[in-house]
Amino acid sequence: MSTRLRIAVQKSGRLRDGSLRLLEDAGIAFRSGKDQLKSPSSNFPLEVIFLRDDDIPQYVEDGVADVGIVGENTVLEKKRKNNPIKKLGFAHCRLSIAVPRGTNYSGTGWLEGKNIATSYPAIVRQFLERRNVNAGIHEISGSVEIAPGIGLADAIADIVSTGSTLQSNGLQEVEHIMDSEAILIAGPQPSNGTKDILDQLLFRIDAVHSARNNKYILLNCPDEAIPRITNIIPGMKSPTIMPLARPGWSSLHSVVNENDFWNQIGQLKAAGAEGILVIPIEKMIA
Ligand code: ATP
Ligand code: MG
């Protein structure tokens with residue numbers, strides 16, 4: 001069988017959908033049924049292996065998978081020989097310490113001698129050591145947020161995204177330990193022949209990310225407004241200009257960054273732009 005790059009993704013959970021969508025947007029076709037453990041792609045030399053996210057750093061270190069998609073928090077917690085390759089821009093969250101609402105929390109000194117429940121003992125231990133705090137760490141694997149309410153711990157350290165889970169469990173966030181997002185990791189030793197495939201995969205991921213961050217914009221403007229508008233939205237090289245049937249008017253096409261777009265709209269209108277259309281880009285290669 002020809003060489004395939006084996007990529008580990010989470011079997012089910014918060015990373016699964018984003019991981020599969022990224023591969024699919026990169027034009028890689030494979031089956032992804034819920035009971036599937038391995039799935040070779042039909043159009044790219046890659047095989048997807050579905051695993052629990054906690055196991056991915058180890059499998060990648062051992063070379064069972066060549067690369068994996070996992071949260072940065074898990075990489076830091078597991079301390080395996082994993083090389084970070086690329087941040088993937090989804091599953092953004094933070095790891096925080098929370099205490100019961102109404103606690104008179106005065107800083108990390110408050111944690112001295114207390115018990116903290118968490119699924120991330122290594123990260124929490126390191127955080128406490130750096131601040132010279134001695135606290136007990138009570139490792140539990142799930143539903144950490146109920147620990148204070150049932151008398152298991154004084155505080156928790158857990159993943160937070162909106163804070164609503166903390167809120168509904170009567171907790172308040174008091175320390176922000178780290179930020180995390182999904183990341184592509186590789187093992188210490190690339191297996192034979194996979195380097196080129198990984199480079200192709202990274203090229204495609206870059207194209208997907210650029211496309212997600214940019215939009216194609218079309219607008220109509222009087223010919224005399226073209227230089228001003230070109231200054232505002234220069235695009236990848238320079239805008240495409242096409243004459244409209246109506247004399248003295250043109251259609252101008254360019255690429256805009258999603259983040260700048262709302263600021264530019266006002267400037268474009270002031271410069272004379274009309275009939276502005278903004279459409280998604282599927283792939284973008286500079
Ligand atoms: P598994 O059964 O595979 O061990 P899990 O319960 O450990 O799954 P999930 O809750 O699916 O893990 O979270 C996986 C990763 O997704 C986390 O390690 C974190 O990086 C990220 N994550 C967790 N919660 C959120 C959230 N609320 N918003 C965004 N990202 C999150
Ligand atoms: Mg897990």
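Which residues coordinate the magnesium ion (ligand 2)? In this predicted model, the ion is held by D53 and D54. Both residues contribute OD atoms, at 1.9 to 2.1 Å. D53 counts as buried because its relative accessibility is 17%, under the 20% cut-off. D54 has a relative accessibility of 31% and therefore counts as partly exposed.

The chain was next considered by domain. The protein is divided into three parts: domain 1 (5-90 + 182-211), domain 2 (93-179) and domain 3 (213-280). The centres of domain 1 and domain 2, taken over C-alpha atoms, are separated by 30 Å. Contact between these domains involves 5 residues of domain 1 and 8 residues of domain 2. About 640 Å² of area is buried between them. Carbon and sulfur atoms give 60% of that area. On the domain 1 side, N73, L76 and E77 supply 77% of the area buried against domain 2. No other three residues of domain 1 supply more. The interface between domain 1 and domain 2 has 0 salt bridges. Polar contacts do occur there, with 3 residue pairs found across the interface of domain 1 and domain 2. Both members of each pair have pLDDT 80 or more.

N73 is counted as buried because its relative accessibility is 6%. Beyond residues up to four places away in sequence, N73 touches Y120, I123, I159, M178 and S180.

S180 belongs to strand β10 (residues 171-180). A relative accessible area of 4% means that S180 is buried. The side chains of S180 and N73 make a polar contact at 2.9 Å. A polar atom of the S180 side chain also lies 3.1 Å from the backbone nitrogen of E72. With neighbours within four places in sequence set aside, S180 contacts G71, E72, N73, A91, H92 and C93. The list for S180 therefore includes both E72 and N73, as heavy atoms within 4.5 Å count as contact.

Helix α1 spans residues 16-25. Its buried residues are R16, G18, S19, L20, L22 and L23.

In sequence, I281 and N213 are 68 residues apart. In space, the C-alpha atoms of I281 and N213 are 8.9 Å apart. Leaving out neighbours within four places in sequence, I281 is in contact with A211, N214, K215, Y216 and V255.

Key: Residues numbered from 1 in each chain as written. Chains lettered and ligands numbered in written order. Predicted model: local features only at pLDDT ≥ 70, side-chain atom pairs only at ≥ 80, totals over all residues. Heavy atoms only, no water. Donors = N, O, S within 2.8 Å, 3.2 Å for Na, K, Ca; no water. Buried < 20%, exposed > 50% of the residue type's maximum accessible area, 1.4 Å probe, protein only. Domains from an automatic or database assignment. Buried area = accessible area lost by both parts, 1.4 Å probe. Salt bridge = Lys/Arg side-chain N within 4 Å of Asp/Glu carboxyl O. Polar contact = N/O pair within 3.5 Å; in protein donor to acceptor, adjacent residues only side chain to side chain. Helix = DSSP H or I, 4+ residues; strand = E, 2+ residues; numbered from the N terminus.
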